[in-house]
Structure formats: structure tokens, C-alpha cells
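Here is a short report on one protein model. Look at the sequence and the structure first, then read on.

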Amino acid sequence: MVFKELEIQGFKSFPDKVKIRFDEGVTGVVGPNGSGKSNLSDAVRWVLGETSSRQLRAAGKMEDVIFGGTRRRGAMGFAMVRLTLDNSAHTLDIDADEAVIGRKYYRSGESEYTINGQLCRLKDIYELLLDTGIGRDGYSVIGQGRIAEIVAAKSSERREIFEEACGIAKYRYRKNEAERRLAAAAENLERLRDILDELE
Ligand code: ATP
């Protein structure tokens, strides 16, 4: 999956709108300590659906991803990230050559998710990216300390990583979803039977 552009506004140390184009080949980000290099990969992780503030190196609540202000500049009221993916090979299940995934979070706690400008749920982004390796549970953004975590992980957790890499995580997810719906339908049937018994 090729990244084409990352757009950030109000996210961590980036109050102003910043657009980064990814050209062909490898992109390196260089800068002094504390200049925001890792914040860029956090932005990628966040827009791809990361919900754990720990994984985003935030202090404990999602609000901490919003630019918190400096001595010279006031805090922002929201954080916004958009990531443009090349979909010319139509790997993703959408009828477009590009997929623009967007996420916005307001200090009030309100969230917005978009795919190609259309409002959607976080679940839609999760499902779109399943088995591409770049989703929330993907293995392509390796944070500091992640390798040690993988080595120390339980075998069931490590298995999940391999399943995502092999492209079968999607089927496990769908199976779980189907089982959840089946259980809900069985429960509804049970309620219906109770009502029928009362009527008879
Ligand atoms: P290093 O090379 O040391 O790993 P880095 O270039 O990767 O550094 P980051 O860790 O990406 O730097 O950025 C750290 C900076 O981001 C710190 O100065 C921190 O104050 C700032 N920062 C993080 N969250 C916010 C926020 N919500 N609002 C404002 N600034 C923030």
C-alpha cells in the first residue's frame, strides 16, 4: 500500500496545516530531537484508527493528541489528519484510484471519520484496511519498543500478528461479527417465543 500524502492540522506539535507528499522510493524524516518526527508516525497510526492513547505516546486521554499550545501560541480546539493512499491497483474495496482516510477529534470529545470525504464510522475504516497490513492492528507502523513487545508477547497475541500478515484476519473478524449477530438473533427469537407463550 503506497502512501501519497499526509495532511495534518492541530495534531500534537503541528498547529498549522502541513502537507507532506511521499514521492516514490523511501522517505526519510530528519530533524533535531523533539522536533516532531515521531509525531508524524503517530499521525499515520491515529488516522488509520489507533484508539489507544498509549500507542500514540499521549499522556492518557485522546485529547492529548490535540496541539496543547506553547508560550507563544494558544491551544487548538481540534486535531485533524488525512492520509491519501494509492488505490490504483484497487486493493482496497472502494471504486476510486485514491483513498483519502480522514479523522478529526474535537476537544469536546466529538470524533469524525471520513473515507474520500464521506462521513463514516471508525469500524468502516477498520474494515477497509483489514489484511492490508496498515490498519489499526497492522504491522507496518512499528513504534519504539514494539519489537520487544512482540518478542515478549503471548503466543496467541503473536498469532494475531501473523494472521494479519497472512491475510486471514479479515475472515476471523467476519466470523466473529457473524457469531455476534447470530447470538443477537437467537436472543430475539427467545424473546419472541416468550411473547408467543404469553399470547397463547
Ligand atoms: P526524538 O528524535 O527525540 O525521538 P522527535 O523528533 O521524534 O524526537 P517527537 O517525539 O515527535 O519528536 O515530538 C516531541 C515534541 O512534540 C515535544 O516537544 C512535545 O512537547 C511535542 N508535543 C507532543 N504532543 C503535543 C501536543 N499535544 N501539543 C503540543 N506539542 C506536543
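Which residue in strand 2 does Ile8 stand opposite? Ile8 stands opposite Val18.

This is a predicted model, in which local features need pLDDT of at least 70, side-chain atom pairs count only at pLDDT 80 or more, and totals for chains, interfaces and linings use all residues. Residues are numbered from 1 along each chain as its sequence is written.

## Overall layout

The protein has five helices and six strands. Both are DSSP runs, numbered from the N terminus: helices are H or I with at least four residues, and strands are E with at least two. Along the sequence, the order is β-β-α-β-β-β-β-α-α-α-α. The C-alpha atoms fill a box of roughly 75 × 40 × 40 Å, taken along the principal axes.

The protein has 200 residues, and 20% of them count as buried. A residue is buried if 20 or more other C-beta atoms lie within 10 Å of its own, exposed if 12 or fewer, and partly exposed in between, with C-beta atoms placed from the backbone. Two residues are in contact if their C-beta atoms, placed from the backbone, lie within 7 Å. Take the contacts with a separation of 6 or more: residues 24 or more positions apart account for 52% of them.

## Strand pairing

Strand 1 covers residues 2–9, and strand 3 covers residues 78–86. They run antiparallel and are joined by seven bridges. Two strands pair if DSSP finds at least two bridges between them. Phe3 has Leu85 of strand 3 as its bridge partner.

Strand 1 also runs antiparallel to strand 2 (residues 18–21), with four bridges between them.

## The ligand and its surroundings

There are 14 residues around the ligand. A residue counts as near a molecule if its C-beta atom, placed from the backbone, lies within 6 Å of it. Asn33, Lys37, Ser38, Asn39 and Gly68 come nearest. The shell divides into two nonpolar, nine polar and three charged residues. Here Ala, Val, Leu, Ile, Met, Phe, Trp, Tyr, Cys and Pro count as nonpolar, Asp, Glu, Lys and Arg as charged, and the others, Gly among them, as polar.

An unreviewed UniProt entry places the feature "binding site" at Pro32, Asn33, Gly34, Ser35, Gly36, Lys37, Ser38 and Asn39. UniProt positions are given in the numbering used here, feature names are shortened, and annotations may be inferred rather than shown by experiment.

Pro32 lies in the loop between strand 2 and helix 1 (37–47). Gly36 is in the loop between strand 2 and helix 1 as well. Why does Pro32 count as exposed? Pro32 counts as exposed because it has 7 C-beta neighbours inside 10 Å. Gly36 has 17 inside 10 Å, so it counts as partly exposed. Leaving out residues up to four places away in sequence, Gly36 touches Lys12, Ser13, Phe14 and Gly31.

## Two residues with positive phi

Lys12 sits in the loop between strand 1 and strand 2. Its phi is positive, about 45°, although Lys12 is not a glycine. Lys12 counts as buried because it has 23 C-beta neighbours inside 10 Å.

Asn116 is in the loop between strand 5 (111–115) and strand 6 (118–120). Asn116 is also a residue other than glycine, with a positive phi near 45°. With 15 C-beta neighbours inside 10 Å, Asn116 counts as partly exposed.

Ile125 belongs to helix 2 (residues 122–129). Ile125 is buried because 22 other C-beta atoms lie within 10 Å. Leaving out residues up to four places away in sequence, Ile125 touches Gly49, Ile101, Tyr113, Ile115 and Cys120. Ile125 and Ile101 are 24 residues apart in sequence, and their C-alpha atoms are 7.6 Å apart in space.

The expected span of a helix is 1.5 Å times one less than its number of residues.

| Helix | Residues | First to last C-alpha | Expected span |
|---|---|---|---|
| Helix 4 | residues 155–166 | 16 Å | 16 Å |
| Helix 5 | residues 169–199 | 45 Å | 45 Å |

Helix 4 is hardly covered, with one buried residue among its twelve. Helix 5 is hardly covered too: one of its 31 residues is buried. Gly167 follows helix 4 and has a positive phi, near 85°.
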